[in-house]
Amino acid sequence: MKKSTYLMLLMLGIFAFTNSCKKSILDVNEEFYISTSMVVVGSNAAFTGEELLDAVAESDLIDKYASHIKSIEILEVKYYVSYFNGTLTQKINNGVFSIADANGNGVYQMASVSDINLSQATIESALSFNQTAVDKLSDLIKNDPHKAMVYLSGDVNETPVDFIVTLKFKIKMVAEVI
């Protein structure tokens, strides 16, 4: 009796193990980056930049598995200034990164920054982000049309304003094998 109980438990364990392995073996699990850049130009201290983030265009993996994506998780958000035309003392006093759907509806504040010297912001810096906004962005990237609007608004200490800020998202994707 003991042998049959042990054998049965062993068989159940093997079955559970192979079932869990099949799920992970059959799924594609990838981590990668997508990015988008916003041009900010103007003559006023208050500014706004916006850009359509097209995840299919930014990632071959999202393009390949678009209709088979099970989940998207944004693990980190970084920003940096990829172009700057201003003085060495020009800075963003206060800025807000926001996201919305591709039509600009349902705006969520994703992160904020303050006292950012634009001439020194050329190195990637991590953003502390609002999880609700990032979860919404994950849904927008996961689901058709895999697009979202990304905004930066704020004010600077000196004018004119002329810079490009790049947002970089670390993505974890789980998709069904095609």
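How many bridges join strand 4 (residues 91–101) to strand 5, and in which direction do the two strands run? I looked this up and found 8 bridges, with strand 4 and strand 5 running antiparallel; two strands are taken as paired if DSSP finds at least two bridges between them. Within this pair I noted that K91 stands opposite N117 in strand 5.

**Ground rules**

I am working with a predicted model, in which local features need pLDDT of at least 70 and side-chain atom pairs count only at pLDDT 80 or more, while totals for chains, interfaces and linings use all residues. Residues are numbered from 1 along each chain as its sequence is written, and side-chain values use heavy atoms, with hydrogens and water left out.

**Elements of the chain**

I counted the secondary structure and got 4 helices and 8 strands, where helices (H or I, at least four residues) and strands (E, at least two) are DSSP runs numbered from the N terminus. Read from the N terminus on, the elements follow the order α-β-β-α-α-β-β-β-β-α-β-β.

I then looked at contacts (heavy atoms within 4.5 Å), and I noted that residues 24 or more positions apart account for 82% of those in the chain with a separation of 6 or more.

Strand 3 and strand 8 run antiparallel and are joined by 13 bridges, and I69 stands opposite A175 in strand 8.

**Salt bridges**

Which residues are linked in a network of salt bridges? I found E76, K78, E124 and K168 in it, taking a salt bridge as a side-chain nitrogen of Lys or Arg within 4 Å of a carboxyl oxygen of Asp or Glu. By this rule the count comes to 6 salt bridges. Side chains of opposite charge can pair when their charged atoms come close.

I went through the pairs in turn. E76 and K78 meet at 3.7 Å, N to O. E124 and K78 meet at 3.8 Å, N to O; E124 lies in the loop between strand 5 (108–117) and strand 6 (125–126) and K78 in strand 3 (residues 69–84), so this pair ties together parts that are 46 residues apart in sequence. K168 forms a salt bridge with E124, their closest N and O atoms being 2.9 Å apart, and this pair links distant parts of the chain, 44 residues apart, with K168 in strand 8 (residues 161–176).

For exposure I used relative accessible area, with buried meaning under 20%, exposed over 50% and partly exposed in between (1.4 Å probe, protein chains only). E76 is partly exposed at 23%, K78 is partly exposed at 22%, E124 is partly exposed at 32%, and K168 is partly exposed at 21%.

**Surface**

I noted that buried residues make up 33% of the 178 residues in the chain. The chain exposes about 10,100 Å², of which carbon and sulfur atoms supply 53%; accessible areas come from the Shrake-Rupley method with a 1.4 Å probe, and for residues only the protein chains shown count as cover.

I25, L26 and V177 form a nonpolar surface patch with about 320 Å² of accessible area together. Patches are made of residues with over 30% relative accessible area and no salt bridge, like charges being joined within 9 Å and nonpolar side chains (Val, Leu, Ile, Met, Phe, Trp, Tyr) within 5 Å. I placed I25 in helix 1 (residues 2–26), and I25 counts as exposed because its relative accessibility is 63%.
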